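Take a look at the sequence and the structure below. This report picks out a few residues and describes where they sit.

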Amino acid sequence: MTVRELYAFLEERIPRALSCDWDNDGLMVCANDKAEVRRVLVALDITAAVAEQAIKEGYDLIVSHHPLIFRPIKALAVGETVANKVIRLLTSGVSAMSFHTRLDAVEGGVNDVLANTLGLSDITPFGKDGEEMGRIGNLAKPISLREFAELVKSATGAEHVQISDAGKPVSRVALLGGGGAGEVAAAAAAGADTYLTGELKHDQLTEAPERGMNLIMGGHFFTENLVCDRIRELLLEADETLTVDVVNSYPAEFV
């Protein structure tokens, strides 16, 4: 299967129509869209380390959730981090494609994977301004916020999460992987007693007890990285003979 054919397969299943207007994703780097793809590396982010691994270990393609090119590149010259990666990949014949907010919103994407991993049932979309990227569902039985925090840690691999307790048991959970601080009000309006996302603002955490909804900040990477295994499944649906490997792209550590 060629790069172009593989991208067309993924775009059919993760339609661009689901992307937010401000987003930029798709086929990010490709010197030859007729090149055959035999080996694919999947990562949440295309870091320099991920790019170098793909080049040195003979991968034909990298597929990521976060876009390699998000903001406009003013110059394609060595010295800027994104440009450095683009140049290295192009000159090495490695293509790259990314699926961002459309993978958040699509059925079976980032937020469905997270909701299912946490054991939620009766899962439905929620969001503001017509962008229903989040998911809301029910736990089998109410548990304490600290018990739910342990569940989140176990499911996502996060070493630590931050909670703000509004004094309610956790039963109806809204979630949005990644940077979901802007959806706190939408989660409350959807009827959640608890909202899980990757990043929250200080005032949201401090005011949660007053506003009556538990908040849990699980980390941007950890609340989204589970989708990499789903990307791998999609790639193998496209061509079961592909070699597809998932790599942990997170360079930060807890100390």
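Two residues are in contact when heavy atoms of theirs lie within 4.5 Å. Keep in mind that this model is predicted.

## Gly-134 and its surroundings

Gly-134 belongs to strand S6, which covers residues 131–143. Set aside its neighbours within four places in sequence. Gly-134 is then in contact with Asn-111, Thr-124, Pro-125, Phe-126, Leu-175 and Leu-176.

Is Gly-134 buried or exposed? Its relative accessible area is 2%. Buried means under 20%, so Gly-134 counts as buried.

One more pair deserves a look. Gly-134 and Gly-177 are 43 residues apart along the chain. Their C-alpha atoms are separated by 7.8 Å.

## Two residues with positive phi

Most residues other than glycine have a negative phi. Asp-122 has a positive value, near 50°, and is not a glycine. Asp-129 is not a glycine either, and its phi is positive at about 55°.

Where is each one placed? Asp-122 is found in strand S5, residues 121–128. Asp-129 is in the loop between S5 and S6.

## Exposure of the two aspartates

Exposed means over 50% relative accessible area. Asp-122 has 57%, so it is exposed. Asp-129 has 71%, so Asp-129 is exposed too.

Methods. Residues are numbered from 1 along each chain as its sequence is written. This is a predicted model: local features need pLDDT of at least 70, side-chain atom pairs count only at pLDDT 80 or more; totals for chains, interfaces and linings use all residues. Side-chain values use heavy atoms; hydrogens and water are left out. Helices (H or I, at least four residues) and strands (E, at least two) are DSSP runs, numbered from the N terminus. Buried means under 20% relative accessible area, exposed over 50%, partly exposed in between (1.4 Å probe, protein chains only).
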